[in-house]
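Reader: I am new to this structure and would like to learn how to read it. Could you walk me through a few features?

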Amino acid sequence: MDRLDTLLTETSIKYKIEYSNQLPNKLGGLCDGQTIWLNNRKSRKEQLQNLAEEVAHQETSVGNIIDQKTFQDVKQENKARGLAYERLVNLNDLIALQWCASNEFELADLLDVTPKFLDEAIEHYRVKRGNIFTYKGMLINLTNGIQILNA
């Protein structure tokens, strides 16, 4: 069972999950009431990322924000993406797994996300916490890639 299967199991308790090849290619997922639609033309890693974001939308967003017409729409989109980053690339996993990977491509693979998603998650943490911060006794430096040392 990979991370997508695990999240599908957790999510299907509260939401109905459907796959569709009718979604536009640029759209990875969509919420419609209590149903989360996933684009079945996407890879499993992309489906995991999209599902995490759509679950966050279900829990935090209100209304149709697909077109990003207002500042509030953009704010809701960014909040859901941030929650997805924190769910799939959480700091505990970064600390545990960064020793197992020799580069960020391997780290993304261990986290079961795409390298692009990992990069976006790291940027999310830079904005949220700064380039250098401590977490659970570890010094995390995101200035140029990922460096994690004992504080």
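Reader: Is aspartate 2 buried, exposed or partly exposed?

Author: Welcome! This is a predicted model, in which local features need pLDDT of at least 70, side-chain atom pairs count only at pLDDT 80 or more, and totals for chains, interfaces and linings use all residues. Residues are numbered from 1 along each chain as its sequence is written, and side-chain values use heavy atoms, with hydrogens and water left out. Buried means under 20% relative accessible area, exposed over 50%, and partly exposed in between (1.4 Å probe, protein chains only). Aspartate 2 has 25% relative accessibility, so it counts as partly exposed.

Reader: Which residue forms a salt bridge with aspartate 2?

Author: Side chains of opposite charge can pair when their charged atoms come close. Here a salt bridge is a side-chain nitrogen of Lys or Arg within 4 Å of a carboxyl oxygen of Asp or Glu. The partner of aspartate 2 is arginine 44, with 2.9 Å between the closest N and O atoms. Aspartate 2 lies in the segment before α1 (3-11) and arginine 44 in helix α2 (residues 44-60), so the pair ties together parts 42 residues apart in sequence. Helices (H or I, at least four residues) and strands (E, at least two) are DSSP runs, numbered from the N terminus.

Reader: How many salt bridges does the structure hold?

Author: There are ten. One of them joins aspartate 109 and lysine 45, at 2.7 Å from N to O. That pair links helix α5 (residues 104-111) with helix α2, 64 residues apart. Salt bridges with shared partners also join Asp2, Asp5 and Arg44 into one network.

Reader: What is the order of the strands in the open sheet?

Author: Strands of a sheet pair through backbone hydrogen bonds, either parallel or antiparallel. Two strands count as paired if DSSP finds at least two bridges between them. This sheet of three strands runs β4-β5-β6, with antiparallel pairing. Because β4 (132-135) and β6 (147-150) each have a single partner strand, they stand at the edges, and one side of each is left without a neighbour in the sheet. Between β4 and β5 (residues 138-141) there are four bridges.

Reader: Is asparagine 39 buried or exposed?

Author: Asparagine 39 is buried, at 0% relative accessibility. This residue is found in strand β3 (residues 35-39). A polar atom of the asparagine 39 side chain lies 3.3 Å from the backbone oxygen of proline 24.

Note on methods: Polar contact = N/O pair within 3.5 Å; in protein donor to acceptor, adjacent residues only side chain to side chain.
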